[in-house]
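Subject: Structure handover

Hello,

I am passing this structure on to you. Please open it first, then read my notes below.

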Amino acid sequence: RLQRLAKTDKADSAFALAAAAELHGIAGHAQLSRSYYDSTRMVLEALVAEQPEEPRFHSELGIAYAGLGRTDEAIRQAQRAIALMPISKEALIGTDWVKNLAQIYVMLDMQDEAVAQLQHVLSIPSGLSAHWLRVDPIWSPLRGHPSFRQLARTS
């Protein structure tokens, strides 16, 4: 199925590969997850080169880099997405890039930084909620963090 998706559109291919990487990571298939993140990286690097002003490509590339353990590049790409579409210019979608930065911090085991980004997103109208923090496996590594527990309980 993924091979068929890869032939349709580069962006669709990148997002399908990223979803596969995330799901394999959650399932504990580290090697397979890393392989999918690397494939995602290749597609997204091409997309970023073609459309350097598109924040979603930078943000997703940051997640792929985080999946590959490329800390500095991951954070830099996420920050680029936020700079391209800050919350001050796009109140709803801009929060997605901040949430993705939080996800990158989680992936890189930078819990305090992740919680700080989540606190920011939850302090303003967004698609993120305390319930979502409790059920989404992306945030599982934060469940023992006292500030995260508070966010998940009260936001």
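The side chain of T95 reaches the backbone oxygen of L92 at 2.5 Å. Keep in mind that this is a predicted model.

T95 sits in helix α6, which covers residues 93–107. T95 counts as buried because its relative accessibility is 2%, and the cut-off for buried is under 20%. Leaving aside residues up to four places away in sequence, T95 touches I87, E90, V121, I124, P125 and S126.

Now the charged pairs. Side chains of opposite charge can pair when their charged atoms come close. Searching the whole structure gives 6 salt bridges. Three of these are described here, starting with E50 and K10.

E50 and K10 meet through their side chains at 2.3 Å, N to O. This pair links distant parts of the chain, 40 residues apart. E50 belongs to helix α3 (residues 30–50), K10 to helix α2 (residues 10–26). E50 is partly exposed at 44% relative accessibility. K10 is partly exposed too, at 40%.

R41 has two partners to look at. With D38, the salt bridge is 2.8 Å, N to O. Both residues lie in helix α3, 3 residues apart, about one turn of the helix. With E45, the closest N and O atoms are 2.7 Å apart. R41 and E45 are 4 residues apart in helix α3, so about one helical turn separates them. Together, D38, R41 and E45 are linked in a network of salt bridges.

D38 is partly exposed at 30%. E45 is partly exposed at 28%.

Best wishes

Conventions:
Residues are numbered from 1 along each chain as its sequence is written. This is a predicted model: local features need pLDDT of at least 70, side-chain atom pairs count only at pLDDT 80 or more; totals for chains, interfaces and linings use all residues. Side-chain values use heavy atoms; hydrogens and water are left out. Helices (H or I, at least four residues) and strands (E, at least two) are DSSP runs, numbered from the N terminus. Buried means under 20% relative accessible area, exposed over 50%, partly exposed in between (1.4 Å probe, protein chains only). A polar contact is a pair of N or O atoms within 3.5 Å; within protein, one must be able to donate a hydrogen and the other to accept it, and residues adjacent in sequence count only if both atoms are side-chain atoms. Contact means heavy atoms within 4.5 Å. A salt bridge is a side-chain nitrogen of Lys or Arg within 4 Å of a carboxyl oxygen of Asp or Glu.
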